[in-house]
Amino acid sequence: MGEAVERYQPRWIEVATQAEKIDSFAQLRKGRSIRIASGEHIQGRWEVYNYLKEGALSVIQCDPEWCGGTTELQKICAPASIFDLPVVPHGHSLHAAVHLVAGQSPEVCPLAECLILKMKSYYHFEKSPLVLKGAHFALPDAPGYGIDLDDSKIESRDLMRWS
């Protein structure tokens, strides 16, 4: 497949096999001009390091909420920079991703992936969701990630209990 799509010059091939098959990623990467990306299912810096030392990835795409949080993703950026590989946070937790990207060198974190259509529903309950303008997001100036819920869109704040 990698050979067949090379002529279309995609930015990368993402999650081409199961996350635990590091050797398959490494084999795919060898001899290809297409970058190989993965990380959505990688669980922290030590797992990322295993990919890096095997030469298995060209782009690291960890999700902030799945890899151990913003702090862990920041720690993933350190070995990525040693291997001269970019970290492009996967497109689910956009608030965390844009803050991480803003705090890193553009060589380490050149961009954040944004699933524009899918993520609209994720941020429905926010007063001021992040808005993409000219391929850029403005960082909120409120504390934390700047998330403030819109009470007019919330039916109830009662705690749900499962019995």
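Let's start with Asp150, which is buried yet has no salt bridge. Buried means under 20% relative accessible area, while exposed means over 50% and partly exposed is in between (1.4 Å probe, protein chains only). A salt bridge is a side-chain nitrogen of Lys or Arg within 4 Å of a carboxyl oxygen of Asp or Glu. For Asp150, the nearest side chain of opposite charge is Lys153, 4.2 Å away. When charges are counted, Lys and Arg are positive and Asp and Glu negative, with His and the chain ends not counted. You'll find Asp150 in the segment after α7 (116–122). Leaving aside residues up to four places away in sequence, Asp150 touches Phe125, Glu126 and Lys127; a contact here means heavy atoms within 4.5 Å.

A quick word on what you're looking at. This is a predicted model, where local features need pLDDT of at least 70 and side-chain atom pairs count only at pLDDT 80 or more, while totals for chains, interfaces and linings use all residues. Residues are numbered from 1 along each chain as its sequence is written, and side-chain values use heavy atoms, with hydrogens and water left out.

Now for the overall layout. The protein chain has seven helices and three strands, and from the N terminus on they run α-β-α-β-α-β-α-α-α-α. Both kinds of element are DSSP runs numbered from the N terminus: helices are H or I with at least four residues, strands are E with at least two. The C-alpha atoms fill a box of roughly 55 × 45 × 30 Å, taken along the principal axes. Of the 163 residues in the protein chain, 37% are buried. Among contacts with a separation of 6 or more, 56% are between residues 24 or more positions apart.

So which residues of α6 are buried? They are Leu94, His95, Ala96, Ala97, Val98, Leu100 and Val101. That makes seven of the nine residues of this helix (residues 94–102), so α6 is largely enclosed by the rest of the structure. Its buried residues pack against α4 (64–67) and α5.

Back to salt bridges: how many does the structure hold? There are five. One of them joins Glu3 and Arg32, with the closest N and O atoms 3.8 Å apart. Glu3 sits in helix α1 (residues 2–5) and Arg32 in the loop between α2 (22–29) and β2 (36–38), so this pair ties together parts that are 29 residues apart in sequence. Glu3 is exposed, with a relative accessible area of 60%, whereas Arg32 is partly exposed at 28%.

Another salt bridge links Arg45 and Glu72, at 2.4 Å from N to O. Because Arg45 lies in helix α3 (residues 45–53) and Glu72 in helix α5 (residues 70–82), this pair connects parts 27 residues apart in sequence. Arg45 is partly exposed, at 26% relative accessibility, but Glu72 counts as buried, at 14%. There's also a network: salt bridges that share partners join Glu3, Glu6 and Arg32. Finally, Arg157 and Asp151 meet in a salt bridge at 2.6 Å, N to O, and Arg157 is exposed, with 55% relative accessibility.

Let's move to the surface. The protein chain exposes about 10,200 Å², and carbon and sulfur atoms supply 53% of it. Accessible areas come from the Shrake-Rupley method with a 1.4 Å probe, and for residues only the protein chains shown count as cover. Trp46, Tyr49, Ile82 and Phe83 form a nonpolar patch, with about 480 Å² of accessible area together. Patches are made of residues with over 30% relative accessible area and no salt bridge; like charges are joined within 9 Å, and nonpolar side chains (Val, Leu, Ile, Met, Phe, Trp, Tyr) within 5 Å. Ile82 belongs to helix α5 and is exposed, at 66% relative accessibility.

Ser81 and Ser128 are 47 residues apart in sequence and 33 Å apart in space, C-alpha to C-alpha.

Asp84, in the loop between α5 and α6, has a phi near 55°, a positive value in a residue other than glycine. Asp84 is exposed, with a relative accessible area of 67%. Ala135, in the segment after α7, has a positive phi too, near 70°, and counts as exposed at 64% relative accessibility.
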